[in-house]
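Reader: Could you take me on a close look at the pockets of this protein, and what lines them?

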Amino acid sequence: MKLGISQTDDFVFQFINQMAVTFSALNPFMRFLSEKAEYFFYLGIIVYWFTRIHKNRQMVITTLLSACVGFGAGSILSHFFYRDRPFVHHTVNQLIEHSANASFPSNHSIGAFVIATGIWLFRKKDGVIWLVLAGLISFSRIWNGVHYPSDVITGAFIGVISAFMIYQMVHRWSVAHKCLNASIDLYEKIEKNIWKGYKKASKLKN
(Lines give C-alpha, C1' and ligand atoms only; values in the text may rest on other atoms or scores of the structure.)
Protein backbone atom coordinates (compact mmCIF):
# COMPACT_ATOMS: atom_id res chain seq x y z
CA MET A 1 0.00 0.00 0.00
CA LYS A 2 1.44 3.33 -1.09
CA LEU A 3 1.46 6.23 1.35
CA GLY A 4 0.39 9.72 0.29
CA ILE A 5 2.54 12.79 0.99
CA SER A 6 0.56 13.68 4.12
CA GLN A 7 0.70 10.12 5.48
CA THR A 8 4.43 9.89 4.76
CA ASP A 9 4.96 13.20 6.53
CA ASP A 10 3.04 11.92 9.57
CA PHE A 11 4.91 8.62 9.54
CA VAL A 12 8.36 10.24 9.40
CA PHE A 13 7.33 12.73 12.08
CA GLN A 14 6.19 9.95 14.42
CA PHE A 15 9.39 7.99 13.77
CA ILE A 16 11.68 10.93 14.59
CA ASN A 17 9.57 12.25 17.46
CA GLN A 18 9.53 8.79 19.07
CA MET A 19 13.33 9.02 19.31
CA ALA A 20 12.72 11.44 22.18
CA VAL A 21 11.61 8.38 24.16
CA THR A 22 14.02 5.82 22.69
CA PHE A 23 17.08 8.08 23.04
CA SER A 24 15.96 10.30 25.91
CA ALA A 25 19.57 11.04 26.93
CA LEU A 26 19.78 13.29 23.85
CA ASN A 27 16.74 15.35 24.82
CA PRO A 28 18.63 18.15 26.64
CA PHE A 29 20.86 18.58 23.56
CA MET A 30 17.82 18.62 21.25
CA ARG A 31 16.07 21.20 23.42
CA PHE A 32 19.21 23.33 23.33
CA LEU A 33 19.33 23.10 19.53
CA SER A 34 15.68 24.14 19.20
CA GLU A 35 15.71 26.97 21.72
CA LYS A 36 19.25 28.37 21.94
CA ALA A 37 21.41 27.30 18.98
CA GLU A 38 19.98 29.99 16.70
CA TYR A 39 21.90 32.56 18.78
CA PHE A 40 25.14 31.15 17.36
CA PHE A 41 24.00 32.46 13.96
CA TYR A 42 23.32 35.93 15.34
CA LEU A 43 26.68 35.94 17.10
CA GLY A 44 28.40 34.68 13.96
CA ILE A 45 26.96 37.51 11.86
CA ILE A 46 28.17 40.09 14.41
CA VAL A 47 31.65 38.54 14.62
CA TYR A 48 32.05 38.36 10.82
CA TRP A 49 31.00 41.99 10.52
CA PHE A 50 33.45 43.26 13.10
CA THR A 51 36.41 41.39 11.61
CA ARG A 52 36.46 44.53 9.43
CA ILE A 53 37.20 42.44 6.34
CA HIS A 54 35.43 43.80 3.24
CA LYS A 55 34.46 40.35 1.93
CA ASN A 56 32.92 39.42 5.27
CA ARG A 57 30.90 42.60 5.29
CA GLN A 58 29.66 41.86 1.79
CA MET A 59 28.66 38.44 3.08
CA VAL A 60 26.81 39.84 6.10
CA ILE A 61 24.78 42.39 4.12
CA THR A 62 23.95 39.86 1.39
CA THR A 63 22.90 37.30 3.99
CA LEU A 64 20.69 39.75 5.87
CA LEU A 65 18.98 40.77 2.62
CA SER A 66 18.48 37.07 1.85
CA ALA A 67 16.93 36.56 5.29
CA CYS A 68 14.42 39.34 4.60
CA VAL A 69 13.42 37.65 1.34
CA GLY A 70 13.26 34.21 2.97
CA PHE A 71 11.13 35.26 5.92
CA GLY A 72 8.88 37.27 3.61
CA ALA A 73 8.30 34.22 1.41
CA GLY A 74 7.71 32.04 4.47
CA SER A 75 5.13 34.48 5.85
CA ILE A 76 3.22 34.48 2.56
CA LEU A 77 3.23 30.68 2.41
CA SER A 78 2.02 30.36 6.00
CA HIS A 79 -1.04 32.47 5.15
CA PHE A 80 -1.94 30.61 1.96
CA PHE A 81 -1.10 27.12 3.24
CA TYR A 82 -1.88 27.31 6.95
CA ARG A 83 -1.07 24.17 8.90
CA ASP A 84 -1.47 23.43 12.60
CA ARG A 85 1.43 22.28 14.75
CA PRO A 86 1.75 18.51 15.23
CA PHE A 87 0.75 18.75 18.90
CA VAL A 88 -2.60 20.37 18.03
CA HIS A 89 -4.14 17.22 16.55
CA HIS A 90 -1.79 14.45 17.66
CA THR A 91 -0.36 13.07 20.85
CA VAL A 92 3.33 13.88 20.56
CA ASN A 93 6.45 14.00 22.68
CA GLN A 94 6.57 17.78 22.98
CA LEU A 95 9.77 18.74 24.76
CA ILE A 96 9.60 22.53 24.37
CA GLU A 97 6.85 25.09 24.86
CA HIS A 98 5.39 26.58 21.71
CA SER A 99 2.31 28.56 20.76
CA ALA A 100 -0.19 26.83 18.48
CA ASN A 101 0.51 29.08 15.48
CA ALA A 102 1.34 28.18 11.88
CA SER A 103 3.64 25.21 11.52
CA PHE A 104 4.37 25.52 7.79
CA PRO A 105 7.04 26.47 6.89
CA SER A 106 9.55 26.41 9.74
CA ASN A 107 10.96 29.88 10.43
CA HIS A 108 13.83 28.31 12.38
CA SER A 109 14.81 26.35 9.27
CA ILE A 110 14.48 29.39 7.02
CA GLY A 111 16.66 31.50 9.31
CA ALA A 112 19.29 28.85 9.93
CA PHE A 113 19.65 27.80 6.31
CA VAL A 114 19.55 31.28 4.80
CA ILE A 115 22.43 32.37 7.04
CA ALA A 116 24.36 29.11 6.66
CA THR A 117 24.02 29.19 2.86
CA GLY A 118 24.91 32.89 2.76
CA ILE A 119 28.12 32.13 4.64
CA TRP A 120 28.87 29.07 2.48
CA LEU A 121 28.60 31.11 -0.72
CA PHE A 122 31.42 33.36 0.50
CA ARG A 123 33.39 31.06 2.80
CA LYS A 124 33.08 27.39 1.82
CA LYS A 125 34.88 25.82 4.81
CA ASP A 126 33.04 27.92 7.38
CA GLY A 127 29.79 27.40 5.52
CA VAL A 128 29.89 23.62 5.84
CA ILE A 129 29.98 23.91 9.63
CA TRP A 130 27.08 26.36 9.63
CA LEU A 131 25.07 24.12 7.28
CA VAL A 132 25.54 21.15 9.62
CA LEU A 133 24.32 23.27 12.53
CA ALA A 134 21.33 24.42 10.47
CA GLY A 135 20.49 20.79 9.71
CA LEU A 136 20.70 19.83 13.39
CA ILE A 137 18.45 22.71 14.42
CA SER A 138 15.86 21.72 11.82
CA PHE A 139 16.00 18.07 12.85
CA SER A 140 15.57 19.02 16.51
CA ARG A 141 12.31 20.84 15.71
CA ILE A 142 10.81 17.51 14.60
CA TRP A 143 12.37 15.60 17.51
CA ASN A 144 10.85 18.08 19.98
CA GLY A 145 7.39 17.77 18.47
CA VAL A 146 6.79 21.27 17.09
CA HIS A 147 7.25 20.72 13.33
CA TYR A 148 6.53 18.14 10.65
CA PRO A 149 9.38 17.05 8.35
CA SER A 150 7.86 18.91 5.38
CA ASP A 151 7.83 22.12 7.47
CA VAL A 152 11.59 22.06 8.01
CA ILE A 153 12.40 20.77 4.52
CA THR A 154 10.38 23.58 2.94
CA GLY A 155 11.93 26.10 5.33
CA ALA A 156 15.42 24.88 4.44
CA PHE A 157 14.59 25.08 0.72
CA ILE A 158 13.30 28.66 1.07
CA GLY A 159 16.43 29.64 3.00
CA VAL A 160 18.82 28.12 0.47
CA ILE A 161 17.00 29.52 -2.58
CA SER A 162 16.73 33.00 -1.04
CA ALA A 163 20.47 33.05 -0.30
CA PHE A 164 21.36 31.95 -3.84
CA MET A 165 18.98 34.44 -5.44
CA ILE A 166 20.32 37.46 -3.57
CA TYR A 167 23.93 36.31 -4.00
CA GLN A 168 23.46 36.01 -7.76
CA MET A 169 21.67 39.36 -7.94
CA VAL A 170 24.43 41.16 -6.05
CA HIS A 171 27.24 39.59 -8.07
CA ARG A 172 25.66 39.67 -11.54
CA TRP A 173 23.76 42.96 -11.41
CA SER A 174 26.39 45.71 -11.48
CA VAL A 175 24.07 48.31 -9.91
CA ALA A 176 23.40 46.06 -6.90
CA HIS A 177 27.11 45.25 -6.58
CA LYS A 178 28.04 48.94 -6.63
CA CYS A 179 25.34 49.79 -4.09
CA LEU A 180 26.59 47.03 -1.79
CA ASN A 181 30.18 48.25 -1.93
CA ALA A 182 29.14 51.90 -1.61
CA SER A 183 27.12 51.17 1.53
CA ILE A 184 30.08 49.34 3.07
CA ASP A 185 32.47 52.15 2.13
CA LEU A 186 30.15 54.73 3.68
CA TYR A 187 29.85 52.73 6.88
CA GLU A 188 33.62 52.27 7.08
CA LYS A 189 34.21 56.01 6.70
CA ILE A 190 31.83 56.66 9.58
CA GLU A 191 33.45 53.88 11.57
CA LYS A 192 36.93 55.33 11.04
CA ASN A 193 35.81 58.80 12.10
CA ILE A 194 34.22 57.40 15.25
CA TRP A 195 37.37 55.38 16.00
CA LYS A 196 39.59 58.44 15.48
CA GLY A 197 37.35 60.48 17.77
CA TYR A 198 37.51 57.76 20.41
CA LYS A 199 41.33 57.65 20.21
CA LYS A 200 41.60 61.44 20.54
CA ALA A 201 39.28 61.42 23.54
CA SER A 202 41.32 58.66 25.16
CA LYS A 203 44.60 60.62 24.66
CA LEU A 204 43.09 63.75 26.20
CA LYS A 205 41.99 61.80 29.27
CA ASN A 206 45.45 60.33 29.68
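Author: On a 1 Å grid over the protein atoms alone, a pocket is an open set of points with protein on both sides within 12 Å along at least five of seven lines, and its lining residues have an atom within 4 Å of a point. This is a predicted model, where totals for linings use all residues. Residues are numbered from 1 along each chain as its sequence is written.

Let's start with the second largest pocket, which is lined by 15 residues; Arg85, Asn101, Ala102, Pro105 and Asn107 lie nearest its centre. Its volume (the space filled by 1.4 Å probe spheres set on grid points, which are joined across faces, edges and corners) is about 160 Å³. Helix 5 and helix 7 each give two or more residues to this lining, and helix 5 has the largest share, three residues. Helices here are DSSP runs (H or I, at least four residues), numbered from the N terminus. The lining divides into three nonpolar, ten polar and two charged residues; Ala, Val, Leu, Ile, Met, Phe, Trp, Tyr, Cys and Pro count as nonpolar, Asp, Glu, Lys and Arg as charged, and the others, Gly among them, as polar.

Now for the largest pocket, with a volume of about 210 Å³. Among its lining residues are Glu38, Phe41, Tyr42, Leu64, Phe71, Asn107 and His108. Two or more residues come from each of helix 4 (38-49), helix 5 (54-80) and helix 7 (107-122), and helix 7 gives the most, with five residues. By class, this lining has eight nonpolar, three polar and one charged residues.

Note on methods:
Predicted model: local features only at pLDDT ≥ 70, side-chain atom pairs only at ≥ 80, totals over all residues. Heavy atoms only, no water.
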